[in-house]
Protein chains: 2
Amino acid sequence: MARRSATGRIGIADVAVKAGVSHATVSRVMNGNFTVDPDIASRVRAAAAELKYQPNPVGRSLALGKTDTIGIVVPDLANPTFQAILRGLSRAAAQDGYRVLIADSFEVSSEETILAGEARRRCDGLVLCAPRMSDAELEEIAPSLHPLVLINRTSAAANVPTLVVDYGQGVQDLAEHLVDLGHTRLAFLAGPPRSASNGMRLQGLEAFKAAHPHVDVRMLEGGSDFDTGHEAVDAVLESGATGILAFNDLVAMGLMSGLHERGMDVPGDISVTGFDDIPFARYTTPALTTAAVPITELGEQAWHQLRALIRKEENDAPGSRYQPRLQVRASSGPAKAPRSTVHG
Amino acid sequence: MARRSATGRIGIADVAVKAGVSHATVSRVMNGNFTVDPDIASRVRAAAAELKYQPNPVGRSLALGKTDTIGIVVPDLANPTFQAILRGLSRAAAQDGYRVLIADSFEVSSEETILAGEARRRCDGLVLCAPRMSDAELEEIAPSLHPLVLINRTSAAANVPTLVVDYGQGVQDLAEHLVDLGHTRLAFLAGPPRSASNGMRLQGLEAFKAAHPHVDVRMLEGGSDFDTGHEAVDAVLESGATGILAFNDLVAMGLMSGLHERGMDVPGDISVTGFDDIPFARYTTPALTTAAVPITELGEQAWHQLRALIRKEENDAPGSRYQPRLQVRASSGPAKAPRSTVHG
DNA sequence: GCGACCTGAGAAAACGCTTTCTTGGGCAAG
DNA sequence: CTTGCCCAAGAAAGCGTTTTCTCAGGTCGC
């Protein structure tokens with residue numbers, strides 16, 4: 001009856017007809033414009049309610065030039081870190097009436113640029129987690145993404161708030177912790193080679209090595225997931241290290257699992273530390289010593305920064321730096337007498 | 001120079017001017033319409049490239065009546081189950097060029113209805129995970145959500161594919177497993193009272209009790225997260241049960257953690273089973289016996305069902321039922337001699 | 001050589017909304 | 001009683017696309 005022909009959905013025109021007013025008046029009523037006669041307003045509201053009219057957000061977005069939606073690009077939705085960022089972002093944005101559109105690049109850095117652009121065009125702003133993207137490319141696209149917040153990347157582009165976790169400091173804290181426990185042979189189970197946060201960890205380790213020339217710190221190739229850690233068990237054992245700094249909690253858990261299969265005791269034989277303090281880190285056996293990152297809060301902050309940009313507010317603190325907090329649990333313990341290295 | 005005044009972004013009009021053609025021709029070229037002269041086409045493409053023109057998706061959506069976006073409503077983004085569904089959905093949809101808009105209801109069932117409606121209007125279809133919503137309300141809103149796929153809920157509404165996990169069968173399999181190990185006193189650590197999937201588990205347990213009148217099955221109140229399991233430790237010990245069926249893996253992990261703190265041995269003193277087989281279930285200590293649900297695949301299937309609806313394809317199999325697979329690990333073991341009940 | 005057909009590109013309408021512009025009517029002041 | 005103002009509501013112009021409609025020019029056939 002009142003169905004529109006084209007889309008089949010109820011439109012503003014149907015309400016206007018039913019209430020005997022113009023489209024404009026319906027729009028005014030729906031948007032709480034008070035320059036409309038109360039009688040007419042209630043007539044419109046009645047008509048809208050009866051037809052169960054709901055404004056079409058697409059038409060609205062086109063007219064208003066905003067979508068009330070923000071985008072987030074993540075490299076891997078299976079990674080608890082990005083899940084947590086997404087959660088914090090989504091919750092904070094929802095409180096201001098914004099929704100979140102997700103774009104998962106599945107670790108393909110070439111996709112990140114395209115996805116970011118596409119997502120940005122559909123949204124009012126973008127949160128970008130693109131650890132593998134080259135600096136050059138980032139600088140290239142950053143301006144076109146403008147209401148943009150970066151996570152764990154810095155950019156020279158103007159007006160791009162940056163939320164970074166101080167991985168360098170975190171890994172130093174963990175290394176110090178192991179040294180305090182008497183470990184003198186450490187190994188860093190690295191993350192993906194081109195990862196920005198891995199770079200920060202490496203820088204931190206350089207600083208650490210400079211400050212502790214007597215400590216042997218080996219670098220081992222790795223990755224960012226559980227399997228990586230599990231597969232690295234041989235390399236770890238060969239290294240002869242007694243204190244292992246895993247790239248993150250996932251890798252640490254994989255490594256502990258592998259070590260357990262080899263009959264090694266953690267922390268009796270080897271101490272293992274993670275990074276991030278994902279929810280499950282408390283519940284591994286042994287519970288994982290790690291550097292806690294307030295990651296959900298980071299997602300929340302990302303929204304606040306983005307909101308300021310969208311609202312064109314002055315932002316006195318464009319971005320912030322998060323200091324990981326050393327979280328000592330049972331996976332790290334006193335070094336025992338140095339084991340002999342299997343090779344070399 | 002070529003910037004449009006209103007939004008500041010490059011529009012189709014700018015390209016048209018630069019290429020010396022009409023808006024319509026630019027549109028034709030951008031959409032690969034071959035009725036346009038090759039020379040003109042390349043001139044348009046050159047102009048578009050030079051201006052870095054990218055069509056505005058909002059305008060496009062309005063004209064086309066589609067957004068290339070689907071929505072998903074989840075009760076809790078912190079729950080690994082929904083994270084996995086989201087992941088599977090997002091990946092599958094991305095392969096067909098669709099994006100995913102997320103709406104987290106934060107377990108507030110009254111929000112679910114509103115969120116679902118809003119999300120649906122912005123998208124071409126919706127995946128709804130609303131375990132707490134009443135059946136009545138679901139039936140009420142289902143038609144208006146139409147390209148709609150339900151997860152772990154059934155609906156009488158026409159054309160609503162339903163993807164359900166057979167929690168009833170899964171919990172029976174787990175109970176059988178415990179009985180086979182010699183347990184005669186079981187306890188079910190229930191999920192949220194109004195949860196649909198909890199209801200399915202309860203039905204399964206009724207069937208189990210009917211088939212095994214000699215087995216004592218206690219019902220304990222619970223919830224769906226880690227803390228719930230952790231807090232339930234007293235109730236579990238009081239129940240005197242030696243085989244515990246936790247609502248899900250999270251609850252089971254919390255319970256095991258609590259039991260460990262109490263000095264109880266799993267599975268020596270008490271066997272614990274979970275449900276879902278979340279990624280971390282393999283890595284708890286002891287590794288968790290659970291009922292594995294191919295949850296990421298379920299998200300993927302949700303997309304396929306939704307896609308069929310969006311494309312108005314005939315769908316011979318509207319929905320499917322997933323059978324959990326018993327995954328025996330170390331958290332379940334032979335019953336030891338019955339413990340005495342603390343109370344009663 | 002002229003008319004019918006066809007092709008290719010511009011003009012304009014449509015998508016569903018918001019908002020500016022316009023207009024008519026009521027009221028107050030001169 | 002007339003003139004000017006103000007206010008409320010309708011008309012219309014966007015927002016940025018796609019797509020239909022229209023028309024001009026060229027080609028082919030007779």
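## A strand and its neighbours

Begin in chain B by selecting strand β4 (residues 148–151) together with β5(B), which run parallel and are joined by 2 bridges; strands here are DSSP runs of E of at least two residues and helices are runs of H or I of at least four, both numbered from the N terminus, and two strands pair if DSSP finds at least two bridges between them. This is a predicted model, in which local features need pLDDT of at least 70 and side-chain atom pairs count only at pLDDT 80 or more, while totals for chains, interfaces and linings use all residues. Residues are numbered from 1 along each chain as its sequence is written, chains are lettered from A and ligands numbered from 1 in the order in which they are written, and side-chain values use heavy atoms, with hydrogens and water left out.

Next, show B:Leu150, which stands opposite B:Thr162 in β5(B).

## Chain A as a whole

Now select chain A, whose secondary structure comes to 13 helices and 12 strands. Its radius of gyration, taken over C-alpha atoms, is 26 Å, well over the 20 Å that the globule rule (2.2 Å times the number of residues to the power 0.38) gives for 344 residues, so chain A is more spread out than a compact globule.

Colour chain A by its domain assignment, which is automatic or from a database: domain 1 (12–55), domain 2 (66–160 + 295–324) and domain 3 (167–289). The centres of domain 1 and domain 3 of chain A, taken over C-alpha atoms, are separated by 63 Å.

## The two copies

Finally, display both chains: chain B can be laid on chain A with an RMSD of 0.1 Å by a turn of 180 degrees and a shift of 0.1 Å along the axis, superposed by least squares on the C-alpha atoms of residues with pLDDT of at least 70 in both. The two copies are thus related as by a two-fold rotation axis. Select B:Leu101, which of the residues of chain B comes closest to the rotation axis, at 2.2 Å (C-alpha).
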